[in-house]
Amino acid sequence: MADVTESLLAAGFVETAFHCPSCGLGGTSLSRPASLLDRTCLDCGEPVVTTVFERFSRG
Ligand SMILES: [Zn+2]
């Protein structure tokens, strides 16, 4: 894993997968949990479905 990713995760970011039901755009990104509530599609601007990956949780 890249150092920058480790830094983001340590800063409270989570890895997420997103999918746009409207245009089909999808992918993964690192996001702050607080910003997940109003994610919109980069392509068409419609709300996207976001899934948070848990595989990086510590403990
Ligand atoms: Zn879209």
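In what order do the elements of the protein chain run from the N terminus on? Then take me through the sheet strand by strand.

Analyst: This is a predicted model. From the N terminus on, the order is α-β-β-β. That comes to 1 helix and 3 strands.

Helix α1 covers residues 3–10. It is hardly covered: of its 8 residues, the count of buried ones is 0. Strand β1 then spans residues 14–19.

Now the sheet itself. It is open, has 3 strands, and its order is β2-β1-β3. The pairing is antiparallel. Strands β2 (26–31) and β3 (49–52) stand at the edges. Each has a single partner strand, so one side of each is left without a neighbour in the sheet. Neighbouring strands are turned by 30 degrees against each other on average, direction ignored. In general, strands of a sheet pair through backbone hydrogen bonds, either parallel or antiparallel.

Take the β1 and β2 pair. These strands are joined in the antiparallel sense over 6 bridges. Within this pairing, Glu15 stands opposite Leu30 of β2. The two strands form a hairpin with 6 residues between them. In that hairpin, Gly24 has a positive phi near 90 degrees.

Next, the β1 and β3 pair. These strands also run antiparallel, and 4 bridges join them. His19 has Val49 in β3 as its bridge partner.

Between β2 and β3 lies a loop, and Leu42 is found there.

Last, the chain as a whole. Of its 59 residues, 3% count as buried. Consider the contacts with a separation of 6 or more: residues 24 or more positions apart account for 36% of them.

To recap the sheet: β1 pairs with β2 over 6 bridges, and 4 bridges join β1 to β3. The edges belong to β2 and β3.

Note on methods
Residues numbered from 1 in each chain as written. Predicted model: local features only at pLDDT ≥ 70, side-chain atom pairs only at ≥ 80, totals over all residues. Buried ≥ 20, exposed ≤ 12 C-beta atoms within 10 Å, placed from the backbone. Contact = placed C-beta atoms within 7 Å. Pairing = 2+ DSSP bridges. Axes fitted to C-alpha atoms, helices over the stretch in contact; angles between N-to-C directions.
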